[in-house]
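Hi everyone, thanks for making time.

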Amino acid sequence: MWGVRVRAPSIDVLQYTSSIAFDDRIALDVVRINIAHLLMLVKQGIVNRDDGRALYRSLKRLLEGFELKPELEDVHMCIEEEVIKETGVEIGGKLHTGKSRNDQVATALRMTAKRYIVKLALGLLKLKEVLLDQSERHLNTIMPGYTHLQHAQPITLAHQFMAYYEKFERDFDRLMAVFRRADECPMGSAALAGSSFNLDRQYVAWLLGFSRIQENTVDAVSDRDFMVELAFSSTMIMIHLSELAEELILWSTWEFGFVEMPDSHTSTSSIMPQKKNPTVTEIVRARTSHVIGMLTSVLSILRSLTLSYNLDLQEVTPPVWLSVEEALKAIKIMRGAIEGLQFDVRRMYEAAELGFSSATELANELVRRFDMPFRIAYRIVGRVVKEAVDTGLLPSELKPEMLERAAMLEGYRIKIDQEFLKEVLDPTKCIAKCKVPGGPYRESVSEMIHHRKLRLQEEEKIIKDLELKISKIDELLENEAKKLGVA
């Protein structure tokens, strides 16, 4: 390639601009693209069968692995050099007919992105399965729900875990949407304007497992939206894992005392023998910041590029792959942590009792029983809670006269007894009354778990089908090569 229009650059320049360090992720897919392109050239009569046979044999060998040489700038030139070395330039030089590194790398990135998406989706399925298991185990485990990290209303641990399930369900859906957008083949776009050769773009797309071609050739070589979306999807997964990690860190403190982390996912102190530190969740929380930074880097690179291809696009790839790989590791490690959690059910119930988390239900009951506006009931209960806090009374120590006195200050005469207070402030009964769809009462959460289990089975089939289609590419290429007489 060098020595005609441009002399070979210096080693320093080659090393500076080379993508070799990250081309290992796409290397074998680039070989597959070359094979698919070759088969199309033979099918279209652009390359004769004898030359096609020699080129196919050389490329097939590269599927077993080859050296990525830094001095050759990128994986594309490494493959071309290997082929020309084996077949000679008269034959090997035909391989690049009708294609460019621009459409080739765009296609390889999409193929590799789809493989990564399937891996992420499989990881999420396993993580969601663990969340469902813990939810089923803790349908009756009562705890305070929080807003602003202050006691809000009583819920169950199952309800809390199912909230995280929903986050990871959205992550799964997001990945499927990115997969659909990545499932377009740029091959045949060449540098940006296609080619005057009679290329069959649909045939190459089919061989490489794509559902369709990416139509506009200028967009096809320069589009990296799918890479940004993959980085964003990985970032959202990490953010959701980090949120869960933060809660587990808090809950495992002596002050909360809700949960004990498994030994396998903690460490101790070199000096303080009593310590059990939640190190795994701390690292997940920290590495989330790295992944956010990678997403920001990708967006910054793309913000001012003109159409179509610029080498800046090469720098998008490393942070995207790193963010995906970090998410894959974090999903696996957090799944193990969640599986091994041991909860102090009694402590969680006591916390729900002690923090006035049933105060809203007390206001609701005043509305129902005395036909007063909710805002008045809210003010009455607020007065009672303030008096209790100021005088150091627990919720269980509230007296009917406190409520009656507060109601008088709001212009209402009411009469209640101790049994009324006891029942209304009971977290278990409070939860049982919240029968709105998606609420914390047992039947609602059980129904959510049931439907999510069915959906999980559907999602597993979707991913297995995608995985199978990707795994069949090599077989499809070989079968087509035999049909064309080049294998």
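Predicted model: local features only at pLDDT ≥ 70, side-chain atom pairs only at ≥ 80, totals over all residues.

Residues are numbered from 1 along each chain as its sequence is written, and side-chain values use heavy atoms, leaving out hydrogens and water.

Back to H17, residues 400-409: Pro400, Met402, Leu403, Glu404, Ala406 and Ala407 are buried there. Buried means under 20% relative accessible area, with a 1.4 Å probe and protein chains only. What do these buried residues pack against? They pack against helix H15 (359-370), helix H16 (374-391) and helix H18 (418-424).

Now the cores. A nonpolar core is a set of buried Ala, Val, Leu, Ile, Met, Phe, Trp, Tyr and Cys residues joined through side-chain atoms within 4.5 Å. The largest one has 114 residues, and Leu39, Leu230 and Leu241 have the most contacts inside it. Helix H7 (residues 101-137) supplies the largest share of this core, 16 residues. There is also a second, separate core of 23 residues, and Met402 is included in it, along with Phe356, Val384 and Ile416.

Let's zoom in on Leu241. Setting aside neighbours within four places in sequence, Leu241 is in contact with Leu127, Phe168, Val284, Ala330, Ile331 and Met334; contact means heavy atoms within 4.5 Å.

Next, a helix pair. The axes of H3 (residues 27-43) and H21 (residues 473-484) come within 10 Å and cross at roughly 25 degrees. Those axes are lines fitted to C-alpha atoms over the stretch in contact, with angles from 0 to 180 degrees between N-to-C directions. Angles under 35 degrees count as roughly parallel, and therefore H3 and H21 are roughly parallel to each other. Contributors to the contact include Ile35, Leu39 and Lys43 of H3 and Asp474, Leu477 and Leu484 of H21.

Last stop: Asp29, which also sits in H3. Is Asp29 buried or exposed? At 2% relative accessibility, Asp29 counts as buried. Apart from neighbours within four places in sequence, Asp29 is in contact with Ala108, Met111, Thr112 and Arg115. The C-alpha atoms of Asp29 and Ile473 are separated by 10.0 Å, although these residues are 444 residues apart along the chain.

Notes
Buried < 20%, exposed > 50% of the residue type's maximum accessible area, 1.4 Å probe, protein only. Helix = DSSP H or I, 4+ residues; strand = E, 2+ residues; numbered from the N terminus. Parallel < 35°, antiparallel > 145°, perpendicular 65-115°, else oblique.
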